[in-house]
Amino acid sequence: MSAIDTGMPAGPSLEARAAYLDAVLGSLPGLRLLTDEVDRESYRRDETAYLEPPLPIGVALPTATAEVAELVRLAAIHRVPVVPRGAGTGLSGGAAGVDGGLTIAFTRMDRILEIDRADLVVVTQPGVVNADLKKAVAAEGLFYAPDPASYEMCTIGGNLGTNAGGLCCVKYGVTRDSVIGLEIVTADGSVVRLGGRTVKDVAGYGLIPLIVGSQGTLAIVTEATLRLRPAPPPKATLIAFFAALDDAGRAVAAVIDAGVEPCTLELMDRTTIRAVDDIHHLGLDLDAAAMLLIESDLPGAAAGIALETAARACDGAGATTTIIATDPQEADWLRQGRRMAFNAMEQLGVARMEDVGVPRGRVPDLLREIERIASDQGLTIATFGHVGDGNLHPNIILDRDEPDGAAKLKRATDALCIAAIELGGTVTAEHGIGISRRDFLERQRGAGAVALMRAIKDALDPLGILNPGKVLSER
Ligand SMILES: Cc1cc2nc3c(=O)[nH]c(=O)nc-3n(C[C@H](O)[C@H](O)[C@H](O)COP(=O)(O)OP(=O)(O)OC[C@H]3O[C@@H](n4cnc5c(N)ncnc54)[C@H](O)[C@@H]3O)c2cc1C
C-alpha cells in the first residue's frame, strides 16, 4: 500500500542543518547524538505506519533538562525544528520526523525523582514508562490513574504530549486531570516552572492545561508533578455479550443511567472479539456482535453490587450472556485482551486506528454510522474503545497489497470524522490531531477557535521550531 503524503513544511537549508549539528556537538560533547541513517530511521515514524514522514537529521538522547534547554536554544539560533519524542507509540504522527529537524528522544530521562505521600504527588522525568510509574507508586500503596492501553510501552512525556486517555478515564479522567506541576523548556531554550504541588491554584492563566495535549508544539516538558490517590481495591469484572451492536450501545446508557460508576467501560465488536480471541484464546463468544467489559473498584461488597446492577442493565438492553469474573487472573486476561486489541487488528492486515468521540448518549448513533460507512465503502472496520467516555476506535483494515489503499483509507477516515462532527463529537478524543487529522481541525473547532490557536502558537513559538506541521497545518 502506498504511503500517505504528510504535507509537512520544508525544513532549513543543508548548511543550517550541518551548522546546528556542529554547534550541538561543540556545546554538548557528552550528549548521545545519533546521526547514522540506520539509527535515525527507527525514529522516523510513530505507530502511524501509513504515513511517510521525513527522516530526522539526528536524534538526541539527553539526560538532563539543561541539555534539552541547550538543544532548543541552539535550534532557535539555527532555525532548526525540534521534535520531542517518548516511546513513539502515538497514533497521529505527533512524534514523526520533520524535514531538517532534530528529534529529542526522552528515553534516557527516565528517573522518578520523588514520591511524596503527604502531598500525594509524584515528581518524574518525562521518559518514565507509564507502567513503571504506576508500579513504583503502587509499591507505596498509591495510585497513578491514567492508563492508556499502551501503558507498558508509552512514556509520561508522551502521555502529557497527547493528554492521553485510557481504560479508567471513565472514572478518573484523562492525563490533564492528574497534572499539577510542569517544568518546561520554551521555544527560546528557557526553563520555566508551571504550577506546583497545591491541589487548588488559580494564580494567573492556566498554562498547564494549555501545554498538556499540545503535542510538543508549544513547549517541551522536562519534568512533571503528578497527582496520586490512595490505591483503590482490586477491580471486580463483568463481561456482557450482545447479539446486536445497537443493544451494546443501549446497554452503555442503561449502565450509566442505573447509577453505576464503573472504572472501566469498554466495548469490542465482533471482528475485534474474534481477532483478540484468536491470539489470546480467552473463550469469548465468537458469535456475539459486541462485548462490554465493565469493572468496578469500589470497596468491599459495593463492587459486587455495582456489577450486579450493571448486569441487570445489560440484560435489560438485550445481553445474551453476562458473566462476573470470579478469578482475578481471568479478569486480568480479559483486560489484557482488550488492551492488545490494536495488535490483534494488525494481524488482520494494515490497520488504521481512528479515535472518534461523541456525547455518551450518541454512542448507538455512532456505532450505526460506523457500520454504514463500512458497508457503503465495502471495507472491514473493526471497532473497540472506551465506550463509557463515548470514545470509539474504528480500525480500518486493508490488505497489505491493496492497490488503492491510501485513497480507500482517506475516504473512510474522512467519513468517520464527518460522522463524529455531525453527531456533536470530536475527530480525536485522545490520540491527538498530529498530522493525521489536521484537515478536520477547523471543520470541528471553527475558524475563530483555530485563529486563537495560531495566535497562541505564534506567541509561544514565534520562529515555528517546535514540532512544526503538527496540530496546525502550515499556512
Ligand atoms: C496498542 C496501542 C494502544 C494505545 N492505547 C491508547 C489509549 O488507550 N489511550 C490513549 O490516549 N492513547 C493510546 N495509544 C496511543 C499512544 O500510546 C499515546 O498517545 C501515548 O500517550 C504516546 O506516548 P509515547 O511515549 O509513545 O509518545 P510519542 O508517540 O513518542 O509522542 C506523542 C506526542 O507527545 C509529544 N511528546 C513526547 N514527549 C514529549 C515531551 N517531553 N514534551 C512535550 N511533548 C512530548 C510528541 O512530540 C508527540 O506529539 C495507544 C497506542 C498503541 C500503539
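This is a predicted model: local features need pLDDT of at least 70, side-chain atom pairs count only at pLDDT 80 or more; totals for chains, interfaces and linings use all residues.

Visitor: Is Cys 154 buried or exposed?
Guide: Buried, at 4% relative accessibility. Cys 169 is buried too, with a relative accessible area of 11%. Buried means under 20% relative accessible area, exposed over 50%, and partly exposed in between, with a 1.4 Å probe and protein chains only.

Visitor: Switching to sheets. What is the strand order in the five-stranded one?
Guide: E5-E6-E10-E8-E9, an open sheet with antiparallel pairing. Strands are DSSP runs of E, at least two residues; helices are runs of H or I, at least four; both are numbered from the N terminus. Two strands pair if DSSP finds at least two bridges between them.

Visitor: Which strands stand at the edges?
Guide: E5 (112-116) and E9 (191-195). Each has a single partner strand, so one side of each is left without a neighbour in the sheet.

Visitor: Why is E10 called largely enclosed?
Guide: Because seven of the eight residues of E10 (220-227) are buried. E10 pairs antiparallel with E6 (121-124) over four bridges. Six bridges join E10 to E8 (179-185), also antiparallel.

Visitor: Which residue in E10 is the bridge partner of Thr 124?
Guide: Ala 224. Ala 224 is also the bridge partner of Leu 182.

Visitor: Which strands does helix H3 lie across?
Guide: H3 (65-78) lies across E8, E9 and E10, at about 50 degrees to E8. Helix H4 (130-138) touches E5, E6 and E10, and makes about 40 degrees with E5. Contact means heavy atoms within 4.5 Å. Axes are lines fitted to C-alpha atoms, for helices over the stretch in contact, and angles run from 0 to 180 degrees between N-to-C directions.

Visitor: What about the four-stranded sheet, what is its order?
Guide: E1-E2-E4-E3, open, with mixed pairing. Its twist averages 25 degrees from one strand to the next. E1 and E2 (58-61) run antiparallel, joined by three bridges. Leu 34 stands opposite Val 59 in E2.

Visitor: Now H13. How many residues does it have?
Guide: 14, covering 363-376. H13 reaches 20 Å from first C-alpha to last, close to the 20 Å expected. That expected span is 1.5 Å times one less than the number of residues. Its buried residues include Leu 366, Leu 367 and Ile 370. The buried residues of H13 pack against elements including helix H8 (245-257) and helix H14 (405-422).

Visitor: What follows H13?
Guide: Gly 378, whose phi is positive, near 60 degrees.

Visitor: Last one. Which domains is the chain divided into?
Guide: Domain 1 (112-230) and domain 2 (236-422). The bounds come from an automatic or database domain assignment. Their C-alpha centres lie 28 Å apart. The contact takes twelve residues from domain 1 and 16 residues from domain 2.

Terms used:
Residues are numbered from 1 along each chain as its sequence is written. Side-chain values use heavy atoms; hydrogens and water are left out.
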